[in-house]
Amino acid sequence: MERITRDELNEIRSRGRKIIDIRSGKVPVTVDGERHLMICGGTACHASRSKPVRDAIKQEIEERGLSGRCKVIETGNDAFANLAPVMVVYPEGIYYVHLTPDDASDIVSEHLIGGKPVERLFYRDPMNGKPIPRMMDIPYFAHQKLITLRNYTLLDPENINDAIARDAYQGAAKALIDMTAEEIINQVRTSGLRGRGGAGFPTGLKWEFAAQAKNDTKYVLCNADEGDPGAFMDRSVLEADPHAVLEGMIIAAKAVNAHRGYIYCRAEYPLAIKRLSIAIEQARNYGLLGTDILGSDFDFDLEVFHGAGAFVCGEETALITSIEGKRGMPRQRPPFPAQQGLWGKPTILNNVETLANVPQIILRGGAWYAKMGAEQSTGTKVFALSGKVNNSGLVEVPMGMPLSDIVYHIGGGVPKDKRLKAVQLGGPSGGCIPAELLDTITDYEAITSTGAIMGSGGMVVMDQDNCMVDIARFFMEFLKEESCGKCTPCREGIKRMLEILTDICEGRGKEGDTEILEELGDTIKKFSLCGLGQTAPNPVLSTLRYFRHEYEDHILRHRCEAGVCKALFHYEIDEEACTGCRLCALKCPQDAVTGEKKKPHQIEQEKCIKCGICYDACKFDAIVIM
Amino acid sequence: MKEITVAMWNEINGIIQRYQGKPGALIPVLEECQNVCGYLPREVQKRISQGLNVPESTIYGVVTFYSFFTMVPRGRHSIKVCLGTACYVRGGNANLDYLRDEFDVEVGATMKDLRFSLDSVRCIGACGMAPAMVVDDDTYAQVNRANIMEILDRYK
């Protein structure tokens, strides 16, 4: 234990300034100058084998006797997921992609010793193939505004001194020593910060309710139970910058006068849990958690609670019930958790991304934060961009940016010149926004008016090959599994909707099915107990609103235009377009393609299993969906 | 069924003791006990019930609510045989039958020596590699009777 004071905190920060200057490119680049090699080490990077790359580079550096001036640091960054493993070399900010252990010797001899970055490992513009050496010149990064993710290529997440050098705990020091609870809440209200978990409730207001509740015991909870398929914003924040979340919780605790906190983190996120635990231990050692934090006379400590795998536990009252050791089922509100939450005590629950914004709001002022973003939705939002888009990964943008800018400027558009059909926002609680409405801005109200929700940040791009009925069915299947079963509309209603959707996808749709889906959806929305049920019909209702013709095609014409619902289409070969190259015949797992070389081929329908391999393989668009 | 050894019981008792009297201890206790035994049979639930003074019915309710908890033992490695359409017609089903006979284990269950848990999955999107099989985190292509045992020999 080496409890630190505010002065000592500042001293650690000044000492670390030098490394931060290198990593922000503020020092002149010289051939034999100090180099920091920040290799990505989030869950996605580990899966793409970043560890052997890291070890190979470390070993090469040691063998060449460069360990004095070249440091290899593993960050939590896995933002640009489809290029992993990636590495940023500072102070130049050179961005290397798709690394393998064999690249280590070139990087060390050419770049670290020779001073000439290795061009073959640069990122290449997918449009013209031009190499772009520096991270910040890559369009994917250039259009982003990093607040929550500001540290993700700059820190070793397992070293508290790195974080302190980047101002960690400065906001907490200010809040605990210089500010009253009222002043903290005022700053958060001024900032306009709204809950990033999806519902968008004003954070300052939530805190005010809990602050007003009279009770000696109160709790601060952090929701890290990120369960939407395709969303990993919170995991990345926890893996890259865990101290930002701890600091946000300390500030929240002071604001509502709580002394105990829990972080509810999914057990499926072992790396996030590991890094959180390390961060908590290091913060405790410095006395940044525990009693009399930074000599302020304020006590606060927290622990990590492992979620045991239930999607509904992302709902606040279900999460609270789960920490109490019960089946994670939601409760009736009111009373709201701010009055009666965990163990019946006043409780605030904020999501990871919300809390990670708080330290900077306190440090730089609510007005600074409110200047970013849109009028009703201030600040930035992190999205997990995926699906049919060239650049997939995490993106943080100012609120108010049109969806089209995110998809085209940052995401680099839809691959293979296919036609964009829709953007799905908000996962199973959200909806599909059609291509015609792509100018919609990322603002809570603007998105809600389209029938989708901002949600926690999952953004899945869909193209002409995605069937919207099938997508709706997919989400209903997920929700049927995850409905907790407590209230009837959700438990029974989702099941019925799924049955109808399955019938439609398998060619048994009946006239009137769409009307029944709408009626069921409306009932489930109105009468479910919690947010899961109240939003569950969204994927169906929003696709019915914009893609009704696809439902009608399925039901009335027994046709799935996208070629997804296997009972409702077949493949044929366009004899005019077919060159007889035999590629499809070679790839067909069924030997269903017949025909001589250089002559048009045919598909034997009774052998075809509609796996789509020929459709993907054909270079002449000769395989058509009928 | 996997026996709960004396050493395991000692560990379970130790876990219960550490959490006794702590509110909301049930889920962490279940998690730690599952880490010790690999699963949560009724006898373990009964011991936890007595130790924490929580009704067995409540414990059973919690165990069956969360997908992380299991009442059947899991193997050291998991085999998932793809039964998507492409894999099915290229012999995925035959592979599954073969493994079921060779290892004397039902689908969804675990071998007696706890080496493998055997499961089937819906399409994993590897139709071009059909029939496919996933062992732990590794995906294998074009699996058949001739090579399947050779692949599985790598997992002990």
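Which residue in S2(A) is the bridge partner of Met38(A)? The partner is Ile73(A); the sheet that holds this pair is described below.

## Basis of the model

The model is predicted: local features need pLDDT of at least 70, side-chain atom pairs count only at pLDDT 80 or more, and totals for chains, interfaces and linings use all residues. Residues are numbered from 1 along each chain as its sequence is written, while chains are lettered from A and ligands numbered from 1 in the order in which they are written.

## Chain A overall

Chain A contains 25 helices and 19 strands, taken as DSSP runs numbered from the N terminus (helices: H or I, at least four residues; strands: E, at least two). Along the principal axes, the C-alpha atoms of chain A fill a box of roughly 80 × 65 × 40 Å.

Of the 626 residues in chain A, 54% are buried (20 or more other C-beta atoms within 10 Å of the residue's own, with C-beta atoms placed from the backbone).

## Domains

An automatic or database domain assignment supplies the domain bounds. Chain A is divided into domain 1 (31-138), domain 2 (160-370), domain 3 (380-463), domain 4 (468-556) and domain 5 (570-625). Taken over C-alpha atoms, the centres of domain 1 and domain 5 of chain A are separated by 43 Å.

Chain B has domain 1 (6-65) and domain 2 (77-152), with 33 Å between their centres, again over C-alpha atoms.

## A four-stranded sheet in chain A

An open sheet of 4 strands in chain A has the order S2-S1-S3-S4 and mixed pairing. Its edge strands are S2 and S4 (94-96), each pairing on one side only. Strands pair if DSSP finds at least two bridges between them. Strand S1 (residues 35-39) and S2 of chain A pair in the parallel sense over 5 bridges, whereas S3 (residues 87-90) and S4 of chain A are antiparallel, over 3 bridges. In the latter pair, Val88(A) stands opposite Tyr95(A) of S4(A).

Strand S2 (residues 70-74) of chain A is mostly covered, 4 of its 5 residues being buried.

## Contact between the chains

Chain A contributes 18 residues and chain B 20 residues to the contact, where two residues are in contact if their C-beta atoms, placed from the backbone, lie within 7 Å.

Conventions. A residue is buried if 20 or more other C-beta atoms lie within 10 Å of its own, exposed if 12 or fewer, and partly exposed in between; C-beta atoms are placed from the backbone.
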